[in-house]
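Hi everyone, thanks for coming. Let me walk you through a structure that may be new to you, and please have it open as I talk.

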2 protein chains.
Amino acid sequence: MIEYYDISGCYILRPWAMSIWENMQTFFDAEIKKMKVKNCYFPLFVSPGVLQKEKDHIEGFAPEVAWVTKSGESDLEVPIAIRPTSETVMYPYYSKWIRGHRDLPLKLNQWCNVVRWEFSNPTPFIRSREFLWQEGHTAFATKEEADTEVLQILELYRHIYEEFLAIPVTKGRKSELEKFAGGLYTTSVEAFIPNTGRGIQGATSHCLGQNFAKMFEINFENEKGEKSMVWQNSWAYSTRTIGVMVMVHGDNKGLVLPPKVSALQVIVIPVPYKDADTQGIFDACAATVVTLSDAGIRAEADLRENYSPGWKYSNWEMKGVPLRIEIGPRDLANNQVRAVRRDNGEKTDISRVFLVEQVKGMLDKIQQNLFDVAKQKRDACIEVVKPWDEFVKALGQKKLILAPWCDEEEVEKDVKARTRGEMGAAKSLCTPFEQPELPDGTKCFASGKPAKKWTYWGRSY
Amino acid sequence: MIEYYDISGCYILRPWAMSIWENMQTFFDAEIKKMKVKNCYFPLFVSPGVLQKEKDHIEGFAPEVAWVTKSGESDLEVPIAIRPTSETVMYPYYSKWIRGHRDLPLKLNQWCNVVRWEFSNPTPFIRSREFLWQEGHTAFATKEEADTEVLQILELYRHIYEEFLAIPVTKGRKSELEKFAGGLYTTSVEAFIPNTGRGIQGATSHCLGQNFAKMFEINFENEKGEKSMVWQNSWAYSTRTIGVMVMVHGDNKGLVLPPKVSALQVIVIPVPYKDADTQGIFDACAATVVTLSDAGIRAEADLRENYSPGWKYSNWEMKGVPLRIEIGPRDLANNQVRAVRRDNGEKTDISRVFLVEQVKGMLDKIQQNLFDVAKQKRDACIEVVKPWDEFVKALGQKKLILAPWCDEEEVEKDVKARTRGEMGAAKSLCTPFEQPELPDGTKCFASGKPAKKWTYWGRSY
């Protein structure tokens, strides 16, 4: 999937990973185009002036900004920043392009690289100094339109996680402490890694309110001829998605890839035996690939003669291909193939007459089973706690903690301070949109004040 | 198409330009995938050590490299370069990944941004400090395979220029002086801008030979068990293509976009008149868009009520939409529409019964006519010269000069020196693969030595 690079925190996305990214990209790009979002490309570089224009925003990003100070042998007159995100790159031009209400909504997106020079534990996909993402930036005449779009985009992110990557996520709202620097409110899809007991932010859809509009003077004349300020959103998902997938589905044999995103859905392996009809077996493998490919299934045969079938099985299991098809002498004689699922090892003999239908059915089942198993494991980690000592115990057990909370920023800071340690502090992950009932008089797990909502807490990536 | 940015030499690609890029990208990406090229993504950053490994290569790029020296408030231990191209980024890993002949060919491509901090006249699309491109990097066991691929890719580049952008190009080989720094030989497609009398390199497909393989130790064990070095190619085309298109087809009314790449192929404009059936006209416009869209034609209606039809005509002409459809009271009464071509202003009344076929036919004709006209203009600029004084005269007349040449590097340097001036020096553009006959005894236009080939010369971008 990846290769470590000679600059710490940078990684090479090899084709096996890149094709997963491309599969998600194709889906998302088509969906946002239906919503009339248009693609564009803004520069990689930001001048210091605009970068610093929104105070909270630059405070959030400043420590991670990489600076270009030289070209060739010469020093630049002014150092130039590399985008950590593009709000400040784009919005001076939104201010220029938006004049009247007919210029709204303005909906742009770009697929690009961004750089955040982080110093804490670089991890492939999850925390890398350069990563690929899409970033959507939209401007509306009214808050209602902005609010609606925030949730439409969040639903697309849920779709990518649950339907493509087979990963259950929770839709919710981030706390004031955890929201996007400079924005009004942040929604996200949150995943959870049972093995490590950590939550992970999957993708975010922010309503920026009018904060950036104020700093960058993005005004328009409304239908009544009055000067108004736009309402803005920004939203993004990145190659981090691939890392979440690796952690959620991987097992002790290697990767497990969901059929919908896997570059290869079926690997066909010949299993010749002594004096059996080897050529016939190889031909049947090639024919099987043609039949499956013609039906739109991504299939290949591994016909290398210098590796044993057993070696090939392990190799393709490690790479996570969802379905393996084996063809040996007995299969050839019976006009059948043997299909072996990567997710649960289940073996099925399939008549070559029904090959396409059966393989399609199995791929669907694998996709669904990966999701079901992941959801079961995730749900088994959820712990509802009320008083503080339960919280501390559940945190020690690496649980995904659902707790009643007073929703005060100082209390979250206090929780962080009280749980600081080798494993990292606990923080709020999100307040789920689907709220369980909160009986009157329920108290906040941390402050003892009246609770306002149920919120997920835990350690996170 | 673009917007100037507050950092000199950087430009914003607006959706109108980006969609042209996406149309070319969709074609090229599918074609290289058929050739078994796989997409990947390597980091933006290069460590100084590997950047400097190939001497000629770094000499060629060093003056234009941008350097990151700080992150946040801290200085980096070692300055890090931003890729001007990715040979030195990728090949250390090719060395690691390629072990035996079964690992070959290795064919990777990436769609990405690169940075060349040039100081000479930044020009949108043509010479910008950051641009988007694809870069393919392949490694083969034999020179024959590498040679073959160089030409296959060059043919795809010709296809993009001639079939998509409607721009005639010449396939040929670059001189030793103009070839890729560190490579063995460079082929290119060369376009010419009649208005400015300058040639422009359209895209390049390089055979790197074994130079990089030697420096980066990219070796493999061949079928006989012997250690061999790989043969490598690299090839790229960039957003410069869009700039060439703008210059070749644009006229005094604005852009002229070829139908195959235009975001919008047809703009439908209602032409209401006094007490005519305005609602009927607007409905007919909307219905026309639906009919065309259902047939796969990219069409939209401009139903804004606050602009006159005349204003809309100019606006969409300026944006270069290939075909305008007008619907007025008489058209409504006759169940017809009026189609107006952007390329030559030709007006045709079309019965709504045959709308789709006729519009498709007209779009094909526009595409072809743009190419034909461009070719005619380009060909009219070609001047065959033999002695030096003819060369100087033709250069003054901004011609595309085809001259017999001795193919010596010193002679090209001399031509550059002798033509240096305000307009820039002349240089060789390419030696076309299709060579006119070269009679025995023909002398080089510049040196008087025996000529070896016909070569195109001129000023260039």
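Let's begin where two chains meet: Lys96(A) and Glu3(B) join their side chains in a salt bridge, 2.4 Å from N to O. By salt bridge I mean a side-chain nitrogen of Lys or Arg within 4 Å of a carboxyl oxygen of Asp or Glu. Between chain A and chain B the count is four salt bridges.

Before going on, some housekeeping. This is a predicted model, where local features need pLDDT of at least 70 and side-chain atom pairs count only at pLDDT 80 or more, while totals for chains, interfaces and linings use all residues. Residues are numbered from 1 along each chain as its sequence is written, chains are lettered from A and ligands numbered from 1 in the order in which they are written, and side-chain values use heavy atoms, with hydrogens and water left out.

Back to the interface. On chain A, 53 residues are in contact with 53 residues of chain B, contact being heavy atoms within 4.5 Å. The area buried between the two chains is about 4,600 Å², and carbon and sulfur atoms give 60% of that. Buried area here is the accessible area (1.4 Å probe) that two parts lose on being put together, summed over both. On the chain A side, Tyr5(A), Tyr41(A) and Phe45(A) lose the most area to chain B, together 14% of what that side buries.

Tyr5(A) turns up again among the rings. Ring pairs link Tyr5(A) with Phe42(B), Tyr91(B), Tyr93(B), Tyr94(B), Trp97(B), Phe212(B) and Phe216(B) into a cluster. Rings of Phe, Tyr and Trp (its six-membered ring) pair if their centres lie within 6.5 Å; planes under 30 degrees apart are stacked, over 60 edge-to-face, and the rest tilted. There is also a charge to look at: the charged end of Arg14(B) sits over the ring of Trp97(A), 3.9 Å from its centre. That wording requires NZ of Lys or CZ of Arg within 6 Å of the ring centre and within 35 degrees of the ring normal. Inside chain B, Arg129(B) places its charged end over the ring of Phe119(B), 5.1 Å from the centre.

Now, how many residues of α4(A) are buried? Nine of its 11 are, so this helix is mostly covered. Buried means under 20% relative accessible area, exposed over 50%, and partly exposed in between (1.4 Å probe, protein chains only). Helices (H or I, at least four residues) and strands (E, at least two) are DSSP runs, numbered from the N terminus. Among the buried residues of α4(A) are Tyr91(A), Tyr93(A), Tyr94(A) and Trp97(A).

Over all chains, the structure holds 58 aromatic pairs. One of them is Tyr91(A) with Phe216(A), edge-to-face at 6.3 Å centre to centre and 80° between the planes. This pair links distant parts of the chain, 125 residues apart: Tyr91(A) is in helix α4 (residues 87-97), and Phe216(A) in the loop between α6 (211-215) and β12 (219-221). Both Tyr91(A) and Phe216(A) are buried.

Phe28(B) lies in helix α1 (residues 15-34) and Tyr237(B) in strand β14 (residues 231-238), so the pair ties together parts 209 residues apart in sequence. Phe28(B) is buried at 0% relative accessibility, and Tyr237(B) is buried at 2%.

Let's finish with salt bridges inside the chains; over all chains the count comes to 64. Glu317(A) bridges to Arg324(A), with the closest N and O atoms 3.0 Å apart. Glu317(A) is buried at 18% relative accessible area, and Arg324(A) is buried at 9%.

Lys375(A) and Asp379(A) form another salt bridge, 2.9 Å from N to O. They are four residues apart in helix α11 (residues 355-381) of chain A, so about one helical turn separates them. Why does that spacing matter? An α-helix has 3.6 residues a turn, so residues three or four places apart point the same way. Lys375(A) is partly exposed at 32%, as is Asp379(A) at 31%.

Last stop: UniProt, in an unreviewed entry, lists residues 20-258 of chain A as "domain: Aminoacyl-transfer RNA synthetases class-II family profile". UniProt positions are given in the numbering used here, feature names are shortened, and annotations may be inferred rather than shown by experiment. Over that stretch the chain is 31% helix and 33% strand, with the end C-alpha atoms 10 Å apart.
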